[in-house]
Amino acid sequence: QTAASSIMAEDLLSLFQSIGLSEVKAKETAKNVTVSATLSSLIIEAKSKVVGELDKAVGSLLYHLATRFKGQPDRTSTILDYVCARKISSEQQLTGARATHECDCLCIAYVHMVCVHVACVDV
């Protein structure tokens with residue numbers, strides 16, 4: 001069960017508005033099950049890492065993170081840490097971090113593939 005599915009529709013709108021989304025944008029977002037689930041999870045996790053309320057700037061970054069990594073909350077953890085620590089504070093930095101993260105994931109996958117190949121050849 002995802003965070004979004006465990007939250008009532010009214011609470012979901014309130015959660016989305018708490019990060020600065022307009023009522024219209026919150027309703028639009030709630031209609032997209034995948035983005036809604038990802039954003040809900042990100043907000044809940046971010047609230048556990050930040051003292052006080054999430055401001056609109058962080059909320060905007062969370063929204064962009066949710067739309068770019070929809071359905072992949074496991075890939076957002078490191079980037080979320082940087083957003084919460086305000087080390088990523090713009091959409092451009094978020095885009096760069098995303099590209100770097102994807103490159104890192106591809107490199108790790110390639111290294112893993114090579115190691116498996118080498119292990120199989122050596123047998």
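Colleague: Are H3 and H4 parallel or oblique to each other?

Modeller: Keep in mind that this is a predicted model. The axes of H3 (residues 33-49) and H4 (residues 56-68) come within 8 Å and cross at roughly 140°. Angles over 145 degrees would count as roughly antiparallel. The two helices are therefore oblique.

Colleague: How many residues of the contact of H3 with H4 are nonpolar, polar and charged?

Modeller: On the H3 side, the contact is made by Val-35, Thr-38, Leu-39, Leu-42, Ile-43 and Ala-46. H4 brings in Leu-62, Tyr-63, Leu-65, Ala-66 and Thr-67. Sorted by type, that gives 9 nonpolar, 2 polar and no charged.

Colleague: Moving on to H1, why are its buried residues on the same side?

Modeller: H1 covers residues 9-17, and Leu-12, Leu-15 and Phe-16 are buried there. An α-helix has 3.6 residues a turn, so residues three or four places apart point the same way.

Colleague: Which helices do the buried residues of H1 pack against?

Modeller: Those buried residues are Leu-12, Leu-15 and Phe-16. They pack against H2 (23-31) and H3.

Colleague: And Phe-69, is that one buried or exposed?

Modeller: Phe-69 is found in the loop between H4 and H5 (77-84). Its C-alpha atom is separated by 8.4 Å from that of Val-35, 34 residues apart along the chain. Buried means under 20% relative accessible area. With a value of 1%, Phe-69 is buried.

Technical notes:
Residues numbered from 1 in each chain as written. Predicted model: local features only at pLDDT ≥ 70, side-chain atom pairs only at ≥ 80, totals over all residues. Heavy atoms only, no water. Axes fitted to C-alpha atoms, helices over the stretch in contact; angles between N-to-C directions. Helix = DSSP H or I, 4+ residues; strand = E, 2+ residues; numbered from the N terminus. Parallel < 35°, antiparallel > 145°, perpendicular 65-115°, else oblique. Contact = heavy atoms within 4.5 Å. Nonpolar A, V, L, I, M, F, W, Y, C, P; charged D, E, K, R; others polar. Buried < 20%, exposed > 50% of the residue type's maximum accessible area, 1.4 Å probe, protein only.
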